[in-house]
Amino acid sequence: MERIFELNAPFKPNGDQPKAIKKLLSSLKAKSKNNILLGVTGSGKTFTMASVIAKLNRPALILSPNKVLAAQLYAEFKSFFPKNAVEYFISYYDYYQPEAYIPQTDTYIEKDASINKQIEKLRLKATTSILTRPDTIVVASVSCIYNIGSPENFSKLGLKIEKGQKLERRDFTKALIDIHYQRNDIDFQRGTFRIRGNIIDVFPADLDVAFRMEFSDEVSFISEINPLTGDELRSLNEVWIYPATHFVSTAGEIEKALISIDRELTDRLKELKSQKKLLEAQRLEQRVNYDMEMLRRAGYCNGIENYSRHFSNRPAGSRPDCLLDYFPKDFLLFMDESHVGVPQLGAMYEGDRSRKNTLVNFGFRLPSALDNRPLKFAEFEKLRPDSVFVSATPGKYETALCGGKNVAEQIIRPTGLVDPEIKILGLKGQIKTLMSEIEKVSAKGEKTLVLTLTKKNAEDLSGFFADKKIKAKYIHSSMDTLTRLDILGEFREGKFDVLVGINLLREGLDMPEVSLVAILNADNEGFLRSETTLVQISGRAARNRCGRVIFFADRITGSMARAISEMDRRREKQIAYNKLHHITPRTIKKRVLEIKELDGRLKKESAKLVGEFSTLNINPKNLKRVMADLNKLMKTAADNLNFELAAEYRDRLFELKEMSGTGKK
C-alpha cells in the first residue's frame, strides 16, 4: 500500500505509547468499530492518534467538544503532517442569534449572524480536500453534524478548466455565477471574479491564491496569481474551482424544489386555515412566496437552508447531509474528550427541534424547516465509522460500547510524572487546615487550586483568604472570557498564590506551577463531585513533580472511592515503570504565553482598545469613524479565532448604532 500520510515528529513513541498504538492498530485492522484510548493528561494522546492515522493510511476526522481544543489539535496535527491536507472545520459564525419566536410576549427574533470569512474559507477548503485528496485529516467541533448541503452537488458543480479547452468567456462567467461567485471588478475577494477584456481573474472561496484565465476561442492561458498584487506566481495546465457555498443547486434542481415548496405551502395553508389560524396562514404565505421569488430570480434567498429538504429531494423526517457524508467510507473517527463530546452530540437535536417547532406552529416556517437540523444521535451512530474514543475518563456510553475490550491504556507519561497522591481530611476545621496547607505550598513558590460548590462560596472564600493576607482570586463561568484568561495569566505569573473556583477542570487549564488541589465538600455526591469530575480535577496536580490532592470529606462516597481507586491503580503502574526504567519524574515546563494564546496573541492590547472605546469622547462628528474602526477590530478579532473579544466589539458597536439611530428597533 502506498504511503500517503507522512508523520513528521522530533521524537519516537515512548512510555505507554508503543503499546497503545499497537493495540489500536490491531483492533482497527480487525474491523473493530468501537475502541477507547484511555490516556491521562500529559501522556501524548495526540501523537498516538497521529501515529495510528499514519500507519493505517486512512483519512480521519478528529472531533473536539469545543473550538479552543479544536484549534489546539489543528495546530498539532499540522505540525505532525506538514505535507498532508490537515483542515479545520468549526462553526463559521463570529456571533449567532438563531431565528426564534416567543409566544408569551409575541416577540419574533430574526436570525442575526455574522459569518467569519476566514473560517468559511477553511470549511470550504476542508470539504474540497476531502473530495479531492486521500491524505486529508479534518479537525472539527461537534457542530459538524449540522446540515451543510449535498456532497454530490458540491462535487458535481465544481468547474475543471484546462488549457486549450473550448470554452466561451460568457459561458464561463455564467457557470461561475451558478456556483455563487459574484462579479466584482473593484473589491477582489474570495468568492468573486473580475473581467478585464479577454482575461478573467477568479478568487476561489477556499484558497489564498487566485487564478487568471485568458480566453480567445479557447482557454489560451492559465496562471496562479497573488490576489492582492495581481502578480503571476506560476503557469498552470488546469485548475479546479469549487462552489463558493455548500448550499448550491443547479437551475433544474431549483425549479423542482420550487414546485415541491409550493406544494407543501398549499397543504400547510389548508391545515392552518382549518385550525382557524388565519394570522399564521397569512404570515407563512407572505414569507414563503417572497422566498420563492428570490429563488427564481437569484437562485438564493435568506434562510435557504430551511428549504434544504426540497433541494436534496429528501423525504420528510430524513436526516440532512453533514460533514461526515463528504468522507470516503474507510475514514477514521477520533472523538477527543469523548466524556464531554458524546453527551453534546446527544443533546444537540432536541434543542434545535424545540425552537423550530415554535416557528412552524406560529407560521414563520414550513414544517420542512424541521429537517434543516443536526443529526439525531441514532443517525450519527449509524453514520459513524471505525472510531476511537479518547479520554482520561471515558463515559458510560463508550465504555459500554467497547464492553471492556479494545481499550488501549496510556497512563505512563514521557516526563515520568505520576498521578498525585490523594489525602482525605475531615470537614471540621477544613478552612483552617486548608490555610495551613496553602502556606506550606506558597513557601516553596508553588500554587494551589481550591474547588468549592457554588459561585458564592468561591467569591466569599477568596475574600476571606485576602483578609488573612493570602493572595487569592476566584474564577467562575459568570465572568467574561477575557477576565478569566487575565486571572489565569496572573496566577501563572506568580501575582497571587491561590485560585478558587467551582469547576477548574476545563480543557487547556494545564498549570505545572500547581502542586496542591484542594476539593472542599468532596463527599457531596453529584455532578460536581462525580468520579469523572474528581479524576479530571485531580489531574490538574499531575503536571508538578510534587503534586498532591486533598479531599475534604467526612465520608467516602462511591464516586470518591472509584476515583481514588483508579488514580491509585495508575499511580502504582507509573511508579513501577519509572523504577524499572530508572526515570526521575520532572515537572513540565510550560510557558505562560501558551494559555494566553488560546484567546489570541493580541488579547491584552485588544482588551485595552475596548476600554479606550468605552471612555472615548464620542460626538456626532467622529461617530461614523469610531463605528468603522470598531467594525474592523471586530473582524480582526474574529479572524484570529478570538470570538469572545469579537462579541465585545459587536456589543459596543450595537450601542453606537443605537446612538446614531441606525440600530434595530
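Colleague: Which hand does the crossing of H1 and H2 have?

Modeller: In this predicted model, the crossing of H1 and H2 is right-handed.

Colleague: At what angle do the axes of H1 and H2 cross?

Modeller: The axis of H1, residues 17–29, comes within 10 Å of the axis of H2, residues 45–56, and the two cross at roughly 45 degrees.

Colleague: Which residues in H1 meet which residues in H2?

Modeller: On the H1 side they are Gln-17, Ala-20, Ile-21, Leu-24, Leu-25, Leu-28 and Lys-29; on the H2 side they are Phe-47, Thr-48, Ser-51, Val-52, Lys-55 and Leu-56. By type, the contact has eight nonpolar, three polar and two charged residues.

Colleague: Now the strands. Is E14 mostly covered or uncovered?

Modeller: As a general idea, side chains in a regular strand alternate between the two faces of the sheet. Strand E14, residues 219–225, is mostly covered, with five of its seven residues buried.

Colleague: How many bridges join E13 to E14?

Modeller: Six, and the strands run antiparallel; E13 spans residues 210–215. Phe-215 has Val-219 in E14 as its bridge partner, and a hairpin of three residues joins E13 to E14.

Colleague: In what sense do E14 and E15 pair?

Modeller: Antiparallel, over three bridges, with E15 covering residues 232–235. The bridge partner of Ser-223 is Ser-235 in E15. Six residues lie between the strands of this hairpin, where Gly-230 takes a positive phi near 80 degrees.

Key:
Residues numbered from 1 in each chain as written. Predicted model: local features only at pLDDT ≥ 70, side-chain atom pairs only at ≥ 80, totals over all residues. Heavy atoms only, no water. Axes fitted to C-alpha atoms, helices over the stretch in contact; angles between N-to-C directions. Helix = DSSP H or I, 4+ residues; strand = E, 2+ residues; numbered from the N terminus. Left-handed = near helix turned anticlockwise from the far one by under 90°. Contact = heavy atoms within 4.5 Å. Nonpolar A, V, L, I, M, F, W, Y, C, P; charged D, E, K, R; others polar. Buried < 20%, exposed > 50% of the residue type's maximum accessible area, 1.4 Å probe, protein only. Pairing = 2+ DSSP bridges.
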